[in-house]
Amino acid sequence: MTDIQAPAVRTNQTDPAVAAPAQIKMTARDVNVFYGANHAIKDVSIDVDMENVTAFIGPSGCGKSTFLRTLNRMNDTISIAKVTGDITLDGEDIYSSDMDVVQLRARVGMVFQKPNPFPKSIYENVAYGPRIHGLAPARRDMDQIVESALRRAGLWEEVKDRLSDSGTALSGGQQQRLCIARAIAVDPEVILMDEPCSALDPIATAKIEELIHALRGKYAIVIVTHNMQQAARVSQKTAFFHLGHLVEYGETSEIFTNPRQERTKDYITGRYG
Ligand SMILES: Nc1ncnc2c1ncn2[C@@H]1O[C@H](COP(=O)(O)OP(=O)(O)OP(=O)(O)O)[C@@H](O)[C@H]1O
Ligand SMILES: [Mg+2]
């Protein structure tokens with residue numbers, strides 16, 4: 001009998017530098033965004049997967065935030081914005097008239113550049129979403145949801161004795177983790193983060209980065225960042241945008257060490273930005 005050895009399985013999930021095999025969560029095909037006459041996103045096609053953190057990088061004004069907002073229809077809130085093309089979540093067209101936008105934004109949550117807790121208690125900040133979505137029929141269920149979301153956001157130990165204090169009384173980094181807890185509380189599938197650390201100091205930034213690492217695989221995560229080191233630290237896939245185009249998309253390690261496009265190389269080596 002031959003001695004059959006178990007195949008060497010690499011568990012990429014634990015190594016932040018290695019991309020895991022992809023299970024596609026969202027797709028964008030030939031997406032264009034116009035603000036009046038300004039053609040801000042040009043024929044962008046991309047797949048976002050479940051297992052990896054995807055970073056969007058590129059110079060200011062290249063369309064990162066605009067494209068990110070197409071993924072949960074936040075551009076609907078901008079009256080002059082017009083989006084064309086196809087975007088799907090689990091194969092479902094998110095721009096179809098059947099799509100309930102409130103449900104969509106619970107499934108595809110968003111964390112913004114500036115922490116924006118509601119002027120309510122820490123508890124209420126997290127409970128708000130589950131309540132409007134009817135996720136917790138009893139107070140006890142809600143207590144559990146709130147605790148679990150705060151734990152997953154790495155904030156529980158710091159706030160468990162002051163849940164009735166105002167969310168706005170927390171430090172900036174704590175507020176941002178509260179906003180992440182708020183997004184997590186409705187059990188999203190995708191979390192979009194638009195420069196979530198740009199208002200934070202290095203220690204608070206490191207905490208958010210650790211959190212992103214811990215959340216990897218539980219949610220599909222897309223993060224916009226100006227900080228190239230951050231993209232390299234937290235993501236396994238990187239998309240480089242320039243002047244509304246998606247110039248290059250691939251494994252983060254490839255994009256940073258062996259970019260195929262001259263424009264990507266110029267950007268990551270700091271030639272412009
Ligand atoms: N709400 C808006 N109304 C009109 N035009 C907008 C709006 N938001 C963005 N734009 C325009 O769309 C283009 C892309 O902007 P966007 O904010 O997406 O860039 P970005 O890559 O996120 O930049 P930054 O790194 O500075 O945040 C720019 O020309 C910008 O002026
Ligand atoms: Mg932006």
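A disulfide is a pair of cysteine sulfur atoms within 2.5 Å. In this predicted model, a search of the whole structure finds zero disulfides. The sulfur of Cys197 has its closest cysteine sulfur in Cys179, at 12 Å, and is therefore too far away for a bond.

The surroundings of ligand 1 were examined next. Ligand 1 has 16 residues around it, of which Ser60, Gly61, Lys64, Ser65 and Thr66 come nearest. Three of these residues place polar atoms beside oxygen atoms of the ligand. For Gly61, a backbone N or O atom lies 2.8 Å from an oxygen atom of ligand 1. In Lys64, an N or O atom of the side chain is 2.7 Å from a ligand oxygen atom, while for Ser65 the distance between a polar side-chain atom and an oxygen atom of ligand 1 is 2.8 Å. On its own, ligand 1 has 630 Å² of accessible area, and the protein covers 66% of this.

Two or more residues of the shell come from each of strand S2 (38-49) and helix H1 (64-70). The most is given by H1, which supplies four residues. Sorted by class, the shell around ligand 1 comprises seven polar, six nonpolar and three charged residues.

Key. Residues are numbered from 1 along each chain as its sequence is written. Chains are lettered from A and ligands numbered from 1 in the order in which they are written. This is a predicted model: local features need pLDDT of at least 70, side-chain atom pairs count only at pLDDT 80 or more; totals for chains, interfaces and linings use all residues. Side-chain values use heavy atoms; hydrogens and water are left out. A residue is near a molecule or strand if one of its heavy atoms lies within 4 Å of it. A polar contact is a pair of N or O atoms within 3.5 Å; within protein, one must be able to donate a hydrogen and the other to accept it, and residues adjacent in sequence count only if both atoms are side-chain atoms. Accessible areas come from the Shrake-Rupley method with a 1.4 Å probe; for residues, only the protein chains shown count as cover. Ala, Val, Leu, Ile, Met, Phe, Trp, Tyr, Cys and Pro count as nonpolar, Asp, Glu, Lys and Arg as charged, and the others, Gly among them, as polar.
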